[in-house]
Amino acid sequence: MELTGIGVWSGQLRYNDPSEAADAAAELDELGYAALWIPDVGGQSVLDAVGNLLGATKRTVIATGILNLWMHEPQDVAAEYAALTDQHGDRFLLGIGVSHAPLIDSREPGRYRKPLAATASFLDGLDAAERPVPTESRVLAALGPKMLQLSATRARGAHPYLVTTEHTASARKTLGEGPLLLPEQTAILTDDADEARRIGTDWLRSYLALPNYANNLLRSGFTEDDVQQVSQRLFDAIIVWGDEGAILRRVAEHHKAGADHVCVQVLTEDPKQFPREQWRRIAAAW
């Protein structure tokens with residue numbers, strides 16, 4: 001399973017109409033994207049969505065970014081992983097993560113605790129399954145040093161989300177040279193600064209309300225005011241905006257900092273629509 005170059009991170013591929021998602025995935029496969037990443041915040045089974053995308057593609061890797069471990073039993077995940085790889089070959093990368101306390105505790109107060117131990121326990125379950133999920137076929141959502149270290153020892157590497165290129169450089173030092181580093185990069189294809197802020201500010205603010213992301217940015221040198229006000233400095237560090245060249249330059253900065261693969265999440269005025277034209281423009285430019 002090769003994980004290099006550029007991929008696509010997309011909520012639309014997960015939550016929009018499955019037939020539309022399959023059609024979009026088939027085009028992304030033809031455009032040459034190395035991997036397609038989908039989230040898991042409840043609703044329709046994320047593994048059903050993985051199966052839909054695997055069936056629509058021929059070469060690209062399908063990755064969960066991430067499978068929410070609180071919503072699944074490891075034995076069930078291992079069994080479904082085995083069934084999907086039997087049917088479609090070695091193209092399913094299982095990204096696993098602990099999500100966020102406000103989201104998990106809203107359903108069951110007090111459930112979210114000891115995220116590092118919960119992750120290790122989930123990996124133990126995958127290893128103990130009748131058909132274990134191979135270490136080389138799984139990665140972990142990781143921001144801080146302890147989860148990054150677990151990614152290096154119990155998985156193939158790390159999938160950091162909402163990070164800067166400086167975080168990528170720091171994460172590579174923590175992981176060492178062997179494990180994969182697969183950060184997400186948010187992008188807006190516009191040369192209009194006001195349009196970029198209009199599209200991206202509320203999107204970014206919703207993530208900054210989650211302690212894991214806010215704390216990681218504070219560790220990265222941003223201030224409380226940066227986080228609370230969504231400062232221009234923070235906005236520009238997290239979201240790249242401009243033409244295709246600007247987006248590819250940011251991707252190249254991640255690669256230079258130590259990333260093996262960068263998955264680009266495109267934001268547009270309408271978050272429910274597939275950004276297919278933007279995906280085509282980025283693919284044509286690299």
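Predicted model: local features only at pLDDT ≥ 70, side-chain atom pairs only at ≥ 80, totals over all residues.
User: Is leucine 162 buried or exposed?

Analyst: A residue is buried under 20% relative accessible area, exposed over 50%, and partly exposed in between, with a 1.4 Å probe and protein chains only. Leucine 162 has 1% relative accessibility and therefore counts as buried.

User: Which residues does a cis peptide bond join?

Analyst: Most peptide bonds are trans. Here glycine 65 and isoleucine 66 are joined by a cis peptide bond, with omega of about 15°. Isoleucine 66 sits in the loop between strand 3 (61–64) and strand 4 (67–68).

User: How many helices and strands does the chain have, and how is its overall form to be read?

Analyst: The secondary structure consists of 14 helices and eleven strands. The radius of gyration is 18 Å, close to the 19 Å of the globule rule for 286 residues, so the chain is as compact as a globular protein of that length. That radius is taken over C-alpha atoms, and the rule is 2.2 Å times the number of residues to the power 0.38. The C-alpha trace spans about 55 × 40 × 40 Å along its principal axes. Of the 286 residues, 57% are buried.

User: How many salt bridges are counted?

Analyst: Side chains of opposite charge can pair when their charged atoms come close. The rule requires a side-chain nitrogen of Lys or Arg within 4 Å of a carboxyl oxygen of Asp or Glu. The count is 16 salt bridges.

User: Which residue forms a salt bridge with arginine 276?

Analyst: The partner is glutamate 27, and the closest N and O atoms are 2.8 Å apart. Arginine 276 is in helix 14 (residues 276–285) and glutamate 27 in helix 2 (residues 18–31), so the pair ties together parts that are 249 residues apart in sequence. Glutamate 27 is partly exposed, at a relative accessible area of 21%.

User: Which residue forms a salt bridge with arginine 154?

Analyst: Arginine 154 pairs with aspartate 124, their closest N and O atoms being 3.0 Å apart. This pair links distant parts of the chain, 30 residues apart: arginine 154 lies in helix 7 (residues 145–154) and aspartate 124 in helix 6 (residues 115–128). Aspartate 124 is partly exposed, with a relative accessible area of 42%.

User: What separates arginine 205 and aspartate 202 in helix 9?

Analyst: The two residues form a salt bridge whose closest N and O atoms are 3.0 Å apart. They are three residues apart in helix 9 (residues 193–208), which means a separation of about one helical turn. Arginine 205 is partly exposed, at a relative accessible area of 37%, whereas aspartate 202 counts as exposed, at 56% relative accessibility. Elsewhere, salt bridges that share partners join Asp23, Glu27, Arg276, Glu277 and Arg280 into one network.

User: Where in the chain are leucine 150 and threonine 153?

Analyst: Leucine 150 is in helix 7, and threonine 153 is also placed in helix 7. Leucine 150 is buried, with a relative accessible area of 13%, whereas threonine 153 counts as exposed, at 60% relative accessibility. From C-alpha to C-alpha, leucine 150 and tryptophan 37 are 21 Å apart in space and 113 residues apart in sequence. Threonine 153 and histidine 167 are 14 residues apart along the chain, and their C-alpha atoms are separated by 20 Å.

Note on methods: Residues numbered from 1 in each chain as written. Heavy atoms only, no water. Helix = DSSP H or I, 4+ residues; strand = E, 2+ residues; numbered from the N terminus.
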